[in-house]
Amino acid sequence: MPGKLIIPAATRRRILKTGTALGGLALAPLGFVRGAWAEEGPLGTFPVKGDTVKFGFCVPQTGAYADEGADELRAYQLAVKHLNEGGGVLETLKPSKLTGQGVLGKKVDYVTGDTQTNPDAARTAAQRMIERDGVIMFSGGSSSAVAIAQQYLAQEKSVVFMCALTHSNDTTGKDRRRYGFRHFFNAYMSGVALGPILAEDYGKDRRAYHLTADYTWGHTQYDSMKQATEKQGWTTVNNIMTPLGSTDYSQFLTAVLNSDADVLVLNHYGKDMVNSLTQASQFGMRDIDKNGKKMQIVVPLYSELMAKGAGDNIEGVLGTANFNEKLDDAGSQAFIKTFTDEYGFPPSQAAHTAYVQTLLYANACETAGTFYPPEVIKALEGFECEGIGPGKALYRAEDHQNFHDILVVKGKAPSERKDQYDLLEIVKHVPRAEIEYPADTFPGELGPYKPA
Amino acid sequence: MNKGEPLLEVRGVSKRFGGLQALKDVDFSVAEGSIHAIIGPNGAGKSTFLNVLIGLIEPDQGSVTFAGEPIRGLKPYKIIQRGIARVFQTPQIFPGMSLLQNVAIAAVAKRDGQFNTKVLESLGPRHPIVDEAGDLLARVGLGDYLHAAAEHLSRGDKRRLELAVCLVAHPRLLLLDEPTAGMARHDTNRTIDLLKEISETGMTKVVIEHDMHVVFSLAERITVLAQGQVIATGRPEEIRGNPRVQEAYLGGAHAA
Amino acid sequence: MSGSLVNALTLQVITGLQLGAIYALIALGLTLIFGTLGVVNFAHGALYILASYAAVLVAGHTNFVLAVVLVPVFLFLVGIVMERGLIRFFYDRPHTDQILVTFGLAIVIQEALKWAFGANNIPFPLPPWGNGVVFLHEYLPFLEGFVVFPKWRLILVGVSLLVVVGLFLLLQFTTFGLTVRAGMREPDMMRFLGVDVTKRFAVVFGLGALIAGVAGVFGGPITQVSPEVGMAILVPSFLVVVIGGMGSLPGALVAALILGLALSFSAEYAAVQQIVVYLIAVVVLLVRPRGLMGKKGVFE
Amino acid sequence: MGRSPFAADLIAVGLFAAVVLTMPVWIVWIGGYEALATKIVIWAVFALGFDILLGFTGYLSFGHAAFFGTAAYTTGLCLKHLSADILPAFFITGGVSLVVAFVIGLLTLRRSGIYFSILTLAFAEMLHAAALSILQAYTGGDNGLTMHTKPELLGIRMEGLNVFYLAAIVAILGFFAARQIKRSPFGLMLRAIKENAMRLEYTGVNVWAYKMAAYMISAMYASLAGFLMVVLEPYVATKFLHWSTSGEVVIMSVIGGVNTLIGPMIGAAFMLYFENVIQAFIGEQWRLVLGLVFVLIVIFLPGGFVDGFNRIRRAVGLGGRERHHNVPDAPAPVRENRGDRAARQPGE
């Protein structure tokens, strides 16, 4: 990291060995000073033996999110390839210490596991990677529950976890962990980004009805949307917490139709979103007028893969995204191009975040000059870079949330689509500055660098 | 003729199933130590009557007294625990278990009552309960198949096994629902001998039977049921000559 | 105020009807197969989603009407193959084995569909004639103002009614139906009488699958088409069968209606909705030991 | 009633103990790892208890997740809010589980067969729905119950092998207890329930009390497993209450061999091993393969792995019991009919 003193691990060990007797006592209060570790003793899966280093990629291979998992896995494999052979975002990332010849002189290898979109199964799979395969870092996930469960495991085992798809405020809020990092944006940012656009497009005098998936992500998404839209002058008519994984929303949609609301906000993700959106449009909610205005549907968080499942129903529906394959900055382009060359179709935002997370971790190892987790964590904390997407991206030290520009997107009409992947158009780049919030907005404890 | 006080006393029992009057004002009593047969045409209410006795069916009216205490309305297992046992029309045994286990279950139920929590005790080969079960099985003529699964027995042997299950509890009153139904003559005679042999112990028995050969070789008293009512009770020779009984059977034949 | 109450009630009743309709369709097939063959088919949900996928393919390449015709026939054949190839070996096995083997089959079908079509939904667009909404206030004079309902869902209710009536006619007025009904009442007697039930078994199983096929075609656009929908729909459908009484066709219909209405009327209290559904099951089974219209001794 | 029960027992339990206690060593040889070994042992406890209900009494519960999950949540809440020591959590969880098992048992055991299964399922699903919705303030909802606690036992940190040996001791004691129950007068009654509950009632036995006892014992095994799960990993997933958890223990029991005690535990080991080790070799389609394996086992090995083992023993002339069915789930008359039906059907 620029501007900070970096002592190579070996030297540091020598220096500190001389004072081991005092070390334990004296260094405790200095715990937050970089380089002041008593010793890089074995911790978690550290040290890395042999001339390869293993990463663990734990993605859903079965269950509802298997396609997103598959896309994540493609991105991970691409990231490993680039780390070992160069190319891709390695050429745009700044500042970067990545060489394109492995990490810290070791060739990168990986193992995979299946989260089954089930926190318990995900933890068991991650434990296999840690205990048997000795991975130095693991990454993945496609639900906040899985990500949070993995983060806690990461902390218990002192192995860094780089979250992929998780949008809940909790991941870097009340459940933030020292060993977990999230590049993906969150529900709060979605609300802040979407609010002004909604007011602009649909007017300030709107009455919103929310259907919210009944779990913490849904709740935070609802809170954020409510706050952001009410700030624009909207009224919140009602909110129904719908059971997670419902197949039929008609009973809720009936209630919406029966109210005087003229906007329907679907705080659903994945299949819930596809179901509720499709069914809402079957209920004619995209064609009818309420209060003299055309009724609108809003989906705060988009997923391209799921949007595909919703077919024509996404037309004109506003939402947010972390990434889109039409971004034209150098970093995004480098990723999109190499990914498309490799697999023949453009990457999803899940793939993007998975790819970026792997690179950011590897770069942190190079920066720290060691795989020793506390050092790597410190290298990531407060790390700011560009060239992984639009604008500059910052890993905030206080909550391990990455801040970068995000997108407001809109579903395309079938007639405007160029191919089957061309589903969303970018309505607005929302700059990082607009969506930043104080770290104590969602209070939480990161926990220690080293287990007590 | 009575050997002693009535062991079982039934007064005015009635039971109606929807439109069918299954039992009507039935009085019945059995003296301790006697063998009492219940006969009657099909659908006379004989099995329903036995079911009332053991608590499977609660009567609409009437009282049932066993050994001087009312038992009507008690749970079946509580009635059984007072010293009644029943052999069913279709043999009710524990099919997947060995003969020894079948009898041991009843022996445990006798020894420990309706519920036990004896998990520390092991029922090994030399356990007294197992020994007792073995002896009894030998007595009913099943001593050669102690370890066979009960489901492999012939129908007659199953009935004998069920009898052993009942006898091991040393009931004061044994209810038998057509104990020889479907048996060959040879088996029937063996069963009659067996029942007579047990009678030596002074066990009271109530037998439902179609086979008049069995009825007249066993019973000391006979009660005739027809359309849910008692139409006659008496010694075999009295019943044989009773015109109402003849009428009931013939009437039944007409109806059928 | 009272007008909007009438509106709300009407909508909720209609919603309940159509929610029940899809459960009823699946439950009918389940309970028909159970009642006649004594087999608990946990793969029934998988048959439903198989039909949805087939319908998407057929409708996508030709048109929806053809799917309505072809898919149930396809499912009928699938049902016969399933019965002849697998289920018939399980007639003399315990119910647990039947449940487990069909459950295993459901997993296989689900995973095979995932392999072929991916885990995500594939869009199932409504045919043009089924799209849009019906203005209920034009038909129901007691409604005030503006009340709409999706046309497709009303079609679904109609289709369910047709299937129910068709099944009733089939069972009531044909010799085939006579044997099936006799088989449902006294399976052992039928065998004893030497009626060749085996052949009819396959047809009954096919018929159950066919009904799942109809459900898959018309329900697919609502429940969506993705592999795990089969499992998701099985649990409530099975609940419907049990609440109605195992093997009872009218019981299944009544139970489906009750469940649909319960879901519809508890929508505003969604947090307890799932609890309400299971509570209904518990109360029914505790009050009526064999479900609403179950027979004694069946599956106990 | 075996030949020389005591010696046979010592050998059986001793052998079992040896296999379990050395598991962390040998599981590595076959591509496993320590945490997997612990999970296998914990699920084995769950499956073992399940066999006391399903195997002995023939009652098929589709809702055992209720006990596994409730225990896990209770333990989690105790560890999180009360003390990191697992002893208070152990006793509180035990108490809560007893109450829950008694209440659910009281209501569900009034029915038998599929109606019992559905009632148990309904109660478990109600708890699951409640954990996800109205109780999420306590349970953490879909995110699961997370905590920073590091569980300990009287000052010893419970992690890694410590948890394994705790679970292993529970499993060995549990196995010993289950075997003892099986051959005790009490266990004889439980097995008689499955064979013919009506005959048992008319033998003067309070069948309901035995069913309740078996249900409670089985629920306590499940609760112990749930407790151990949270000691192993201080995290509770809502999945623990989901019907798929109940389903998993049924599957384990059946593919292992119901009413064999050892079978369900083997089934548990197989499932977890497949899900976590073999899975990685197969890749994305592992569940398709598992489904096929599962179907084949149900078709060709009706008595599960234990049945397969016995068949091999018979084939090489070592004897071994013949088993026709996993679960004799119906009273004798019904089964006889079914047997007749098979005999009468042509072409089978």
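**Entry 1: a sheet in chain A**

I began with an open sheet of 5 strands in chain A, whose order is E2-E1-E3-E4-E5, with parallel pairing. I noted what pairing requires: DSSP must find at least two bridges between two strands. I also wrote down how elements are named: helices (H or I, at least four residues) and strands (E, at least two) are DSSP runs, numbered from the N terminus.

Which strands are the edge strands? They are strand E2 (107-114) and strand E5 (180-182) of chain A, each of which pairs on one side only. From one strand to the next, the twist averages 25 degrees.

Strand E3 (residues 137-140) and strand E4 (residues 160-163) of chain A pair in the parallel sense over 4 bridges. I looked up A:Phe138 and found that its bridge partner in E4(A) is A:Phe161.

**Entry 2: ground rules**

I reminded myself that this is a predicted model, in which local features need pLDDT of at least 70, side-chain atom pairs count only at pLDDT 80 or more, and totals for chains, interfaces and linings use all residues. Residues are numbered from 1 along each chain as its sequence is written, while chains are lettered from A and ligands numbered from 1 in the order in which they are written.

**Entry 3: domains of chain A**

I found chain A divided into domain 1 (52-185 + 325-403) and domain 2 (188-321). Such bounds come from an automatic or database domain assignment. The centres of domain 1 and domain 2 of chain A, taken over C-alpha atoms, are separated by 30 Å.

How many residues does each domain of chain A give to the contact? Domain 1 of chain A gives 13 residues and domain 2 of chain A gives 12 residues. Being in contact means that the C-beta atoms of two residues, placed from the backbone, lie within 7 Å.

On the side of domain 1 of chain A that touches domain 2 of chain A, the largest share, 3 residues, comes from helix H3 (residues 66-85) of chain A. I sorted that side by class and got 3 nonpolar, 6 polar and 4 charged residues. In this sorting, Ala, Val, Leu, Ile, Met, Phe, Trp, Tyr, Cys and Pro count as nonpolar, Asp, Glu, Lys and Arg as charged, and the others, Gly among them, as polar.

**Entry 4: domains of chain B**

Chain B also has a division, into domain 1 (1-82 + 205-256) and domain 2 (84-170). Their C-alpha centres lie 28 Å apart. I found 10 residues of domain 1 of chain B in contact with 6 residues of domain 2 of chain B.

Helix H1 (46-53) and helix H2 (76-81) of chain B each supply at least two residues of the domain 1 side of this contact. The largest share of that side, 5 residues, comes from H2(B). Its residues divide into 6 nonpolar, 2 polar and 2 charged.

**Entry 5: two helices in chain D**

I turned to helix H4 (residues 65-81) and helix H6 (residues 113-132) of chain D, which pack at an angle of about 35 degrees with their axes 8 Å apart. Axes are lines fitted to C-alpha atoms, for helices over the stretch in contact, and angles run from 0 to 180 degrees between N-to-C directions.

Which residues meet here? From H4(D) I listed D:Ala65, D:Ala66, D:Gly69, D:Thr70 and D:Tyr73, and from H6(D) I listed D:Phe123, D:Ala124, D:Leu127 and D:Ala131. They divide into 7 nonpolar, 2 polar and no charged.

Most residues other than glycine have a negative phi, and most peptide bonds are trans. The peptide bond from A:Phe46 to A:Pro47 is cis, with omega near -5 degrees. A:Pro47 sits in the loop between helix H2 (20-27) and strand E1 (52-59) of chain A.

In chain D, phi of D:Asn259 is near 65 degrees, a positive value in a residue other than glycine. I placed D:Asn259 in the loop between helix H11 (243-256) and helix H12 (262-282) of chain D. Is D:Asn259 buried or exposed? D:Asn259 counts as buried because it has 26 C-beta neighbours inside 10 Å. The cut-offs are 20 or more other C-beta atoms within 10 Å of its own for buried, 12 or fewer for exposed, and in between for partly exposed, with C-beta atoms placed from the backbone.
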